[in-house]
Amino acid sequence: VQIRTNTSKGENKMENNKRKIYIIEGCDATGKTTLISELQQLTGLPVVQGSSFEIAQKGVEHMFNFMKEQLKNPESFIMDRSFISNLVYGPLYDKNTLSESQVFELVDLLGGDAELIYLAASPTFIEKRLNLRGDDYVASKDVSRIVYKYEQVVEQFTFSIDTVTYDVELIDSYSIAQEIFEFWQEEEGGY
């Protein structure tokens with residue numbers, strides 16, 4: 001099992017455009033919040049909310065416009081979840097889900113400036129973490145379906161978004177943040 005899998009398209013998008021969007025995705029209890037906090041401390045980049053149950057509850061158009069506005073930001077930032085979460089959780093919980101054309105428009109707004117950081121783990125590992133923290137949002141019985149759906153959705157975007165998958169059973173959030181920060185420094189020319 002690899003700790004880090006990079007399905008990058010092999011292009012350095014930083015040459016022409018210095019904006020970088022780090023999209024942090026993964027099932028609940030994979031360490032997204034901890035990673036985002038560590039990465040924000042290391043980089044100084046602002047964190048924006050990309051998707052949540054609360055945003056989705058306001059309707060598809062509201063959610064789409066909210067995400068669109070976030071992605072129009074010309075500066076670099078860290079995104080806490082994105083349309084990818086919506087494509088995973090929306091259909092599984094019969095909630096508002098973005099249309100294919102809306103998703104294509106959001107991907108276009110990324111402009112090749114994004115790196116999808118997908119935090120992966122086995123359902124058993126995630127269930128243990130959920131039970132330890134007493135999570136109310138996701139039931140243990142749903143974890144396998146969520147993990148499977150994430151794998152499907154993330155795979156769909158590996159050709160349009162640089163994607164790095166970390167197995168959080170093998171590497172902790174601090175180490176992931178350190179690695180991302182080192183790559184970020186190289187791309188930014190030592191900022």
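A salt bridge here means a side-chain nitrogen of Lys or Arg sitting within 4 Å of a carboxyl oxygen of Asp or Glu. The model is a predicted one, and a search through the whole structure turns up 7 salt bridges. Side chains of opposite charge can pair when their charged atoms come close.

One of these pairs is Asp 28 with Arg 81, whose closest N and O atoms are 3.2 Å apart. Asp 28 belongs to the loop between strand E2 (21-26) and helix H1 (32-43), while Arg 81 belongs to the loop between strand E4 (77-80) and helix H4 (83-92), so this pair ties together parts that are 53 residues apart in sequence. As for solvent, Asp 28 is buried, at a relative accessible area of 8%. Arg 81 is buried too, its relative accessible area coming to 11%. Both values count as buried because the cut-off is under 20% relative accessible area.

Asp 142 pairs with Lys 141, with 3.3 Å between the closest N and O atoms. Asp 142 also pairs with Arg 145, and there the closest N and O atoms are 3.6 Å apart.

Methods: Residues numbered from 1 in each chain as written. Predicted model: local features only at pLDDT ≥ 70, side-chain atom pairs only at ≥ 80, totals over all residues. Heavy atoms only, no water. Helix = DSSP H or I, 4+ residues; strand = E, 2+ residues; numbered from the N terminus. Buried < 20%, exposed > 50% of the residue type's maximum accessible area, 1.4 Å probe, protein only.
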